Amino acid sequence: MNLRNNRITVGELMDYPPAKAVFQKRFPMVMRHPMLGAARSITLEQVIALAGEYVPQKKIQETLSELQKV
């Protein structure tokens, strides 16, 4: 999948079933969060910046790698 230098939006990722499945597998609690719908317009780059405080860098890199393969 073309992540467009991480400028793809959360909404675009969630609308593509294979990408959504990656997030469901790696971050199931986030996928059930009530604010997920409000995050549709933010970019993957913004998510990475926020997640960096809570998620190990290795897990972020593995997720990005997997997304590029779908």
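1. A nonpolar core is understood here as a set of buried Ala, Val, Leu, Ile, Met, Phe, Trp, Tyr and Cys residues that are joined through side-chain atoms within 4.5 Å. In this structure, which is a predicted model, the largest such core has 16 residues, and those with the most contacts inside it are Leu3, Leu13, Met14, Phe23, Leu44 and Leu67. At least two residues of this core come from each of α1 (10-15), α2 (17-26), α4 (44-51) and α5 (57-69). In soluble globular proteins, nonpolar side chains tend to be buried together.

2. As for the overall fold, the protein holds five helices and zero strands, and its pattern, read along the sequence, is α-α-α-α-α. The radius of gyration is 11 Å, close to the 11 Å that the globule rule gives for 70 residues, so the protein is as compact as a globular protein of that length. The C-alpha trace spans about 25 × 25 × 20 Å along its principal axes, and buried residues account for 33% of the 70 residues. Of the contacts between residues at least 6 apart in sequence, 67% join residues at least 24 apart.

3. Leaving aside residues up to four places away in sequence, Leu44 touches Leu3, Asn6, Ile8, Leu13, Phe23, Leu64 and Leu67.

4. The helix α5 has 13 residues and reaches 19 Å from its first C-alpha to its last, which is close to the 18 Å expected at 1.5 Å a residue. Its buried residues are Ile60, Thr63, Leu64, Glu66 and Leu67; seen down the axis of α5, these buried residues fall within an arc of 165 degrees, so they line one face of the helix. An α-helix has 3.6 residues a turn, so residues three or four places apart point the same way. The buried residues of α5 pack against α1, α2 and α4, whereas Lys58 and Lys69, on the other side of α5, are exposed.

5. The rings of Phe23 and Phe27 have their centres 6.3 Å apart and their planes at 35 degrees, so the pair is tilted; the angle falls between the limits of under 30 degrees for stacked and over 60 for edge-to-face.

Notes: Residues numbered from 1 in each chain as written. Predicted model: local features only at pLDDT ≥ 70, side-chain atom pairs only at ≥ 80, totals over all residues. Heavy atoms only, no water. Buried < 20%, exposed > 50% of the residue type's maximum accessible area, 1.4 Å probe, protein only. Helix = DSSP H or I, 4+ residues; strand = E, 2+ residues; numbered from the N terminus. Contact = heavy atoms within 4.5 Å. Expected span 1.5 Å × (residues − 1). Arc of directions from axis to C-beta. Phe/Tyr/Trp six-rings, centres within 6.5 Å; stacked < 30°, edge-to-face > 60°. Rg over C-alpha atoms; globule rule 2.2 N^0.38 Å.
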